Amino acid sequence: MAEWLQADLICLLRLVLSCICGIAIGFERKNRSKEAGIRTHCIVACASALMMIISKYGFYDLIIQSLEGVDIRLDPSRMAQGIVTGVGFLGAGMIYIQRGSIRGLTTASGIWATSGIGMAIGSGMYFIGIAATLVILLLQIFLHGKHRFMTQHKARTLKIYG
């Protein structure tokens with residue numbers, strides 16, 4: 001198999017794997033009728049993986065030119081920083097106040113975490129990306145307020161008129 005084809009297939013695997021992880025988290029969010037569901041999480045994970053792949057491998061032609069005596073320094077972390085900033089802005093749009101309580105924080109943080117999973121898988125860190133997916137899913141499921149050990153205490157207001 002040609003070397004370039006093998007490299008492209010590995011990148012495709014990274015994209016598909018990040019989509020699967022995003023779908024898993026999105027499915028849990030969809031089941032709770034949250035703002036961002038399967039498609040949103042899948043797209044964020046896939047796009048983050050794509051941006052990391054581009055960041056890591058998209059500039060090999062510049063490295064070849066550096067062999068001719070030109071000193072070129074590449075910094076793939078700059079792409080990751082841009083992803084984190086952009087997805088943070090996306091998540092901020094999901095947070096709103098309804099009747100005095102803040103809504104959407106978990107969804108926003110889930111989108112941000114899904115982006116990190118996409119970046120991990122896009123950069124070839126399969127184990128940590130899948131492990132993070134499992135950890136986030138477990139946290140979402142077991143730390144949800146409907147479980148007995150996570151009961152929510154509601155404050156009552158007593159108004160006295162004189």
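Trainee: Which helix is Ile53 found in?
Mentor: Ile53 sits in helix H2. Keep in mind that this is a predicted model.

Trainee: Okay. Is Ile53 buried or exposed?
Mentor: Buried, because its relative accessible area is 9% and anything under 20% counts as buried.

Trainee: Let me zoom out. How many helices and strands are there in the chain?
Mentor: The chain has 6 helices and 2 strands. Reading from the N terminus, the order is α-α-α-α-β-β-α-α.

Trainee: What percentage of the residues is buried?
Mentor: Of the 162 residues in the chain, 29% are buried.

Trainee: What about contacts with a separation of 6 or more, what share comes from residues 24 or more positions apart?
Mentor: That share is 65%.

Trainee: Now the core. Which residues make up the largest nonpolar core?
Mentor: There are 9 of them: Ala36, Val44, Met52, Ala80, Ile83, Val87, Met94, Ile111 and Met119.

Trainee: Which helices supply at least two residues of this core?
Mentor: Helix H2 (38-57), helix H4 (77-92) and H5 each do. H4 gives the most, with 3 residues.

Trainee: Switching to helix packing: how do the axes of H1 and H6 cross?
Mentor: They come within 9 Å and cross at roughly 5°. That angle makes H1 roughly parallel to H6, because angles under 35 degrees are classed that way.

Trainee: Which residues make the contact?
Mentor: From H1 you get Ile10, Leu13, Arg14, Leu17, Cys21, Ala24, Ile25, Glu28 and Arg29. From H6 the list is Tyr126, Gly129, Ile130, Thr133, Ile136, Leu137, Gln140 and Ile141.

Trainee: And by class, how many are nonpolar, polar and charged?
Mentor: The contact of H1 with H6 has 11 nonpolar, 3 polar and 3 charged residues.

Trainee: Thr133 is on that list. Is Thr133 buried or exposed?
Mentor: Thr133 counts as buried, at 4% relative accessibility. Beyond residues up to four places away in sequence, Thr133 touches Cys21, Ala24, Ile25 and Ile117. Its C-alpha atom is separated by 9.9 Å from that of Gly116, 17 residues apart along the chain.

Trainee: Then Gln140, what does Gln140 touch?
Mentor: Not counting residues up to four places away in sequence, Gln140 touches Glu28, Arg29, Arg32 and Thr106. Gln140 is in helix H6 and counts as buried at 10% relative accessibility.

Trainee: Let me try H1 again. Why does Ser18 count as buried?
Mentor: Because Ser18 has a relative accessible area of 0%. Ser18 is found in helix H1 (residues 3-31). Leaving aside neighbours within four places in sequence, Ser18 is in contact with Ala45, Cys46, Ala49, Gly118 and Ile121.

Trainee: So where is Thr114, and what does Thr114 touch?
Mentor: Thr114 lies in helix H5. Setting aside residues up to four places away in sequence, Thr114 touches Gly22, Ile25, His41, Val44 and Ala45. At 1% relative accessibility, Thr114 is buried. The C-alpha atoms of Thr114 and Cys42 are separated by 8.2 Å, although the two are 72 residues apart along the chain.

Trainee: Last one. Where is Gly124 found?
Mentor: Gly124 is in the loop between helix H5 (105-122) and helix H6 (126-142). At 24% relative accessibility, Gly124 counts as partly exposed.

Trainee: How far apart are the C-alpha atoms of Gly124 and Cys11?
Mentor: They are separated by 8.7 Å, and the residues are 113 apart along the chain.

Methods
Residues numbered from 1 in each chain as written. Predicted model: local features only at pLDDT ≥ 70, side-chain atom pairs only at ≥ 80, totals over all residues. Heavy atoms only, no water. Helix = DSSP H or I, 4+ residues; strand = E, 2+ residues; numbered from the N terminus. Buried < 20%, exposed > 50% of the residue type's maximum accessible area, 1.4 Å probe, protein only. Contact = heavy atoms within 4.5 Å. Core = buried A, V, L, I, M, F, W, Y, C linked by side-chain atoms within 4.5 Å. Axes fitted to C-alpha atoms, helices over the stretch in contact; angles between N-to-C directions. Parallel < 35°, antiparallel > 145°, perpendicular 65-115°, else oblique. Nonpolar A, V, L, I, M, F, W, Y, C, P; charged D, E, K, R; others polar.
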